[in-house]
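Here's a quick walk through one model, starting with a turn and working towards the core. Have the sequence and the 3D view handy.

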Amino acid sequence: MTLTVQNVAGPHLPVVSFHLADGDILTVRGPSGVGKSQLLRALADLSVHTGDIALDGVAQPAMAPAEWRRRVVYVPAESGWWADHVADHFPRQPPDDWLSRLSLKATLLDTPVERLSTGERQRLALLRALMLDPRVLLLDEPTANLDPRNSEAMTQLVAEYVRRQGAAAVWVTHDAAEGDLLDSKVLQMTAEGGHIE
Ligand SMILES: Nc1ncnc2c1ncn2[C@@H]1O[C@H](COP(=O)(O)OP(=O)(O)OP(=O)(O)O)[C@@H](O)[C@H]1O
């Protein structure tokens, strides 16, 4: 897997370039409003931008957006839920191991979405994304509402997934310790642009 990002910029996104290969995790840091979420949206082909993005050598415009987004899966800070019940969002039940590692009971799948806590939504949104077997996982502050134990469990699960599957992840965080735990590359964003540290 390769993800190549060259001089990507947009109305609310300073210029960014980087390259990811099998098993890479890139943590993205920078002040509030600098364009971190906009970067993820550009990578998911959800916002207008200039520059070049290619997955395994295929340029983003050459692939239908829906096809691109099956491979490059975006998990926004506030996940979207379109049906009443949790299970309706999963093509099949997530592995018991994934549920238990994130302290989620399997019975939660039979729950109405409106009853989920914010942290449960975040953890289930991650599992929903992993079930799609993404080549690139785009995570916008995925642990923002989680306790330390579940934060660590989530970082370990993502790290293991990308390593095993030869995938990659782009992880927006304000928490420097999370980057250390993920053993990741770091993209520091400022108004002038992003640079790899
Ligand atoms: N649809 C839009 N129209 C106008 N401005 C927008 C739009 N979407 C985002 N912005 C602006 O783009 C800038 C970058 O937003 P973005 O959400 O990417 O920031 P961020 O770095 O993720 O911030 P935070 O850490 O607070 O989540 C912000 O100034 C935001 O107000």
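## The hairpin

Strands E4 and E5 make a hairpin with two residues between them, and Asp-56 in the turn has a positive phi of about 50°. Strands here (E, at least two residues) and helices (H or I, at least four) are DSSP runs, numbered from the N terminus. E4 and E5 (residues 58–59) pair in the antiparallel sense over two bridges, with Ala-59 as the bridge partner of Ala-54. Strands count as paired if DSSP finds at least two bridges between them.

E4 (residues 50–55) also pairs with E1 (residues 2–10), antiparallel again, over five bridges. There, Gln-6 stands opposite Asp-52.

## Ground rules

This is a predicted model: local features need pLDDT of at least 70, side-chain atom pairs count only at pLDDT 80 or more, and totals for chains, interfaces and linings use all residues. Numbering runs from 1 along each chain as its sequence is written.

## Around the ligand

Which residues surround the ligand? They are His-12, Gly-30, Ser-32, Gly-33, Val-34, Gly-35, Lys-36, Ser-37 and Gln-38, where being near means a C-beta atom, placed from the backbone, within 6 Å.

## The core

The largest nonpolar core has 48 residues, and among those touching the most other members are Leu-43, Val-136 and Trp-171. Such a core is a set of buried Ala, Val, Leu, Ile, Met, Phe, Trp, Tyr and Cys residues joined through C-beta atoms within 7 Å; buried means 20 or more other C-beta atoms within 10 Å of a residue's own, with C-beta atoms placed from the backbone. Helix H4 (residues 118–130) gives the most to this core, with six residues.

Note on methods:
Buried ≥ 20, exposed ≤ 12 C-beta atoms within 10 Å, placed from the backbone.
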